[in-house]
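Reader: I am new to this structure and would be grateful for a close look at one part of it. Please begin with the place where the chains meet, and then continue to some local details.

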Amino acid sequence: MLTVLIFLPVLGAVIVALIDRSRDPLLRWIGLGASLSSFVASLLTFALFVPGESRMQFVERAAWVPSLGISYQLGIDGISLPLVMLTTVMMPLALLSSWSSVTERVKEFTISLLLLEAGLLGTFLSVDLVLFYVFWEAVLIPMYFVIGLWGGPRRTYAAIKFILYTMAGSALMLVAIIALYLQGGAQLGIRTFDLLRLREVAVPMPLEAWLFGAFALAFAIKVPVWPLHTWLPDAHVEAPTAGSVILAAVLLKMGTYGFLRFLLPLFPQATVQFAPVLSVLAIVGIIYGGIVSWAQRDVKRLVAMSSVSHLGFVTLGAFALTVEGLQGSLLQMVNHGISTGGLFLLVGILYDRTHSRLLDDYGGVAALMPRFAAVALIIVLSSMALPGTNGFIGELLILVGTFRRVPAYAAAAIGGVVLSAIYLLWMYQRVMQGPVRVKAPAAMVEVTRRELVTLVPLIILIFTIGLYPNFLLSRSEASVRALLRHVSVRTAVQSPMPPQKFAARIPPGPRHPTHQSRR
Amino acid sequence: MPGSVSGLIVLFPLAGWLINGLAGGRLPARAAAMIGSASVGLAFVVSVVSILDPRVWQDGITTRLFTWIDAGEFTVEASLLMDPLSALMALLVSGVSFLIHVYSAGYMAGDPAQSRYFAYLNLFVASMLLLVLAGNLVVMFVGWELVGLCSYLLIGFWFERERAANAGRKAFVVNRIGDAGFLLGILLLAVTVNSLDFVNLSASAESIAVPVATAATLLLFVGATGKSAQLPLYVWLPDAMEGPTPVSALIHAATMVTAGVYMIARLQALFFRAEVTLSVIAAVGALTAFFAATVALVEHDLKRVLAYSTISQLGYMFLAMGVAAAPVGMFHLTTHAFFKALLFLAAGSVMHAMHDVIDMRRLGGLARPMRWTALGFLIGAAALAGFPLTSGFFSKDLILERAFAHAEGGLTLLLWIAGVLTAFVTALYITRAAILTFAPPPSHQDHPHEAPPTMTWPMAALAALALGGGILGAQAAGAPLLHALDAFFHVEESGAAKSVPALALTIVSATAALLGILAGFGLYRGRRDVSLGALGNLFRRQWFVEDLYEVVIVEPSKRLAHFLAGTVDLQIIDGTVNGVAAGFKRSSAALRRVQTGYVRNYAAVVLAGTVLLLGYWLTR
C-alpha cells in the first residue's frame, strides 16, 4: 500500500518522460493524474488506518543491504499520517497552479514535481534510517531544479544557497546516523538501521548530546529555526509558485517531522535537556519572524518570514513534550501547509496578472477581483489563527501544551498572535483595499475556474479542521501518547508534567471533577 | 428539544450569512435585506420562545452539540448555555439587531454591495449570539474574536477609502492585544482549574486559589478593555465610526462593545474571588467614564461624540461590575443599548439626509425638516443625560448609589465622585450635540428630508424602549429585570441597597444631570464654538493618550521592524551565513580547481566523504 503511494508519482514521472515534449496538455494531465492517484491511495490509507493504534501500520519490509542491516522498511502511524495526507493534497494543487505560469520545459517541470512528491512521501514513510536519509536527500535534487530552472532572476544564487545550506546540515546527520548504528550494533547485538529497534538503544550521555545536536541541526535548518532561516526567503522569492507552495507546505515539515520522528524517540534525555534551548529559539523565531514580516515590501518575502514565525509555534509545541503540545504541533504542521501554501497560491495568482511581487504595485484589488478577495481573506484569517479556522485549533493546543510546561514560554509566544494580525492585515490592506493602484487594472481579471479549483479544497479544509479537528486529532493521539510515554520512561523523570503543578498551590479543598477534564 | 432551540438562535443568522455571502451577488438588493432581516427576526422569535421554558430560570439549559477539541487533558465541548443572563443578552442582541437590520434596509438602499453588507451583519449577529450563549470560555472566545472580525469587516466596509481600511485594521489589532490577554487567562484557567465550562467554573470558584483567580481575572479583563474600549485600549472605537452608521449603532454601541461587561457578569463567581481585580475594574471604569465624557465635550464629529459617549457609558458599566453590582451593570447595559442605538440611528438619519455630512459645525437647524429624527435624538439624549424617569435615569442612578454604598470613605469615594462628575459632563455634551445639530440657525443649503419609514419605525421602537425601559428596574414598577438578575447572581436587593440615603443620592445625581443640561443650554445656545481654554485643548488631544502611543509604541516598533529586517536579518544573520561560505572559498584557495561551481561536483565530494567515513567505521 505505502509503496504504491510512493511509486504512483514515480510511475507518472516515467510516463511523462516517455511522452513527446510537444504534447503539452497531455503532459500536464498525466502529471495531475499521477498526483491525484497518489491522493486517492492516501485517502484509502486514511480510511483503513486504525485510529487508536499507536504502532506503525501498513508496515512493509524487505531486506535491502542485509550485510549492513539496511532494509527497505515503510510504515505509517499517527505522526506521519497527517503529513502524508498533506503531501498528497498539496501536490495536485501545486501542479494545477503551474498550468498557466510554467510554459517552458513543462515535461521536466512535471517530472521534477512528481519525483519531489515521491521523495517527500518516502521521507515521511521510512522507518529505516538509511532509507530515510536517501529520501531526505533525494528531495533536494528536484527542488534544486525547480528553483534553479523555473525561478526568478536570482534563481541560481537562491538554489545553490538552498542546497548547500541544507546539505551542510544533513551531512552531519549522516555521521550521527552511522554513529548511532554502531552504538546500536554494540548494544543490541545486531546491526540495524531500523528506527523501531534503535530507539531502544540507550546512548551514553555526552555522545547522545552530540548525536542529538547533529540531527537537530539538520532538522532545524530545514524548519527553519531562527537564526538558520535566511535561506528560506531567498528560496521562496525566486521559486515559481508551485515550488513555493510545496516548499512552504510540505518541505519545511520534514524538519519538524524529524523532531517528532527521530529526536524525541532516539535521544530522549538530550531532548529533555535541550528542550529549553529549542523552545527559546522557537519563541525568538515567532516574535522575530512576525516583526520582520511587517517590514517586508515583497509579498513573497513577507509570507516566507511569516513561515519562520508560524513554524516557531510548531517547534515550541513539539518541545513542550505534552500531549496537547505535540498534538497542536502536528496539527499546526498541516495547518501551516494549508494556509501558507494557500497564501503562496494567492501570490502566484496575483503575480500571473501583474508580474510584480512588490506591495507598492498593488492596492484596491478587492474592487477588481471581489471573489478572489473573499477567498484570500479566508486564507489570511486561517493564517492568523482566527477561531473557526484550522489555525486556531493548532495554536490553541500548542499554547495550552506549552503553558502546562512553562507558562512564561506561552506568555512570550502569545505575542506572535498579535503580530500575525499586524503583518497579515497590513498585507491584506496594501494589496486588496484602498483606491485602485495597480498599474494595469484591466489585467486584474477575476479568479478563473482553474484557479478556484486550487483554492477551494484549501477553504474546505480550513473550515473542516477548524470546526471538527478530531478527525485528525483522534488518529494521532495514540501515537503521540506512546511517544511521550517512551520519552518519560527513558528519561525516568516525571514527564510530561502532571497538570497539577499549579493546582498544588491551591489550598486543599474539594476538587471538582468536570466533564472537561474527564472523558 | 429545547436544547436545540438555543442552537437555532445562532443558526438562523448564520444561514442568512451563508445565503447572502454565497448567493447574495446574484439576488436583487431587496432580497439581501429581506433575508438578512428575516433571519435575525427569526432568531429573536426563537429567543422569546426559549425563555418560556421554566428550566431556563432554574439552573439554565446546557446544550452539548459535539466534542470540538480533544487532545490530552484538554477537552472543549461545543456547548451552549441558556440561563437568565444569556437569555437577557440573546433577547437584547437579536431584538436590537432586528430593528437595525430593518433600518439598514433603508439606510443602505442604493449601495451596490448590499449583499456583502447584510452577509457581514448576519455573521456579526450569529457571532454575537454565539458569544452570549457560549457554554464555556473557549466557545465564548470564538464568538469574541468573530465579532471582532465582523467589526473589522464592517468598519472597513467601504474599503476603497484608506481611512476606513486603516480604522478597521486598527480595531482588529488593538482588539487582538486585548484578546492575547484573554487567551492567556483561558490558558491559566485551563491548566490550573482544568475546566473552562461556565457552570463548573461558577461551582468551583470557591476552591480556586486567590492568586490564580486574581491573575486569571486580570488577564480576562485585559480582553475586556480591548473589546469594550476601556482605557488603555479604547483608541480603536472613535476611529471605528468610519463604518456605516447602523453598524456603529449595532456593534459599536448596543452589542459587541458590551461583551466585556457580559463576560465579567458571566464569570461573576470567579471575579468575586479576586478583590484586587474588582478594584482595578472599578477604577478603570470610573476613570474611563470621566475621561471619555470630557473628550465627547469637544468633538466636532457627531458620531465621534457618540463614540466617546459609548466609551464613557461602558465605563459606568465596569464601575458597576467593580463595585460588585452586576445586576445594576447589566441593567445599564440594557438601557444603554436602547438609547445609544437610538442616538446613532438618529445620527445616521442626519447623515442620510445631509449626504454624509456629520461634522456638527456644518449642521444645525435640522429640527424643523426632520421632526421625527429630532424627536428620537432628543429622547435618546434625555435618557443618556439621565433626565428623570427616562430609562437612563434609573440605571445610572442605581450605579451611583451602589458606588456610594461600596465606598468605605477616602479614596474609594472617588469612584462615586467621578461618577457624579461624569453625569454632569454627560448631560452637558449631549445637550451641546443636540443643540449644534438640531437647533437653529440652519447651516445647510440643500433641503434635508425626513428618513423613509423603514428608518423611522425602528427609531420609534427604540425611542419607546429608551423612554420606558426604566420600568425594568424601577422600584415603583416592581423592577422585574433587577429581580430576575438578583436571583441569578444570588445577591440581595440591588434596587434598595441598605444603609444608604437612597433618596439623597438620587437627588444628587438628578441635580447633576439637570445642571449639565442647563449648562449646555447656557453655553451653546446660539453659539457654535465655545473654547474651554486649556482644558478644552487637553480634551481635544484626548489627554495626549494617542500621541503618547504614537511616540512610545507605534513609531519605535516600526523602527525596530525595519532595523531587524534590514540590519539584523540581511546584514548580520545572512551576512554571517554568506561570510562562512566566503571564508570556505578563501581558505580553500589551494584547492581552487575543485571549486568548479557545479553542484554535482560538491555533491560528489560530500558523497565521497561519506563513503570514507562509513568505510573507516566499518573496518575499524
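How many residues of chain A are in contact with residues of chain B, and how many of chain B are involved?

Author: The model considered here is predicted. In this model, 64 residues of chain A are in contact with 56 residues of chain B. On the side of chain A that touches chain B, the largest share comes from helix α6 of chain A, residues 155-188, which supplies eight residues.

Within chain A, a pair of helices may be examined next. Two packed helices are described by the angle between their axes and by the distance between the axes. Helix α13 of chain A (residues 299-318) packs against helix α17 of chain A (residues 390-405) at an angle of about 40°, and their axes are 9 Å apart. The crossing in which α13(A) passes α17(A) is left-handed. From α13(A), the contact is made by Phe313(A), Leu316(A) and Gly317(A), while α17(A) contributes Glu395(A), Ile398(A), Gly401(A) and Thr402(A). These contact residues divide into three nonpolar, three polar and one charged.

In chain B, a strand pair deserves attention. Strand β1 of chain B (residues 61-71) is joined to β2(B) by nine bridges, and the two strands run antiparallel. One of the pairings links Ala71(B) to its bridge partner Phe74(B) in β2(B). The two strands form a hairpin with two residues between them, and in the turn Gly72(B) has a positive phi of about 60°. Strand β2 of chain B, residues 74-82, is mostly covered, with nine of its nine residues buried. Both of its faces are covered: on one side lie Phe74(B), Val76(B), Ala78(B), Leu80(B) and Met82(B), and on the other Thr75(B), Glu77(B), Ser79(B) and Leu81(B), all of them buried.

Arg361(B) lies between α16 (326-353) and α17 (371-385) of chain B. Arg361(B) has 12 other C-beta atoms within 10 Å and is therefore exposed, as 12 or fewer is the cut-off for that class. Leaving aside residues up to four places away in sequence, Arg361(B) touches His300(B) and Arg528(B). Arg361(B) and Arg528(B) are 167 residues apart in sequence, yet their C-alpha atoms are 7.1 Å apart in space.

Note on methods:
Residues are numbered from 1 along each chain as its sequence is written. Chains are lettered from A and ligands numbered from 1 in the order in which they are written. This is a predicted model: local features need pLDDT of at least 70, side-chain atom pairs count only at pLDDT 80 or more; totals for chains, interfaces and linings use all residues. Two residues are in contact if their C-beta atoms, placed from the backbone, lie within 7 Å. Helices (H or I, at least four residues) and strands (E, at least two) are DSSP runs, numbered from the N terminus. Axes are lines fitted to C-alpha atoms, for helices over the stretch in contact, and angles run from 0 to 180 degrees between N-to-C directions. A crossing is left-handed if the near helix is turned anticlockwise from the far one by less than a right angle, and right-handed if clockwise. Ala, Val, Leu, Ile, Met, Phe, Trp, Tyr, Cys and Pro count as nonpolar, Asp, Glu, Lys and Arg as charged, and the others, Gly among them, as polar. A residue is buried if 20 or more other C-beta atoms lie within 10 Å of its own, exposed if 12 or fewer, and partly exposed in between; C-beta atoms are placed from the backbone. Two strands pair if DSSP finds at least two bridges between them.
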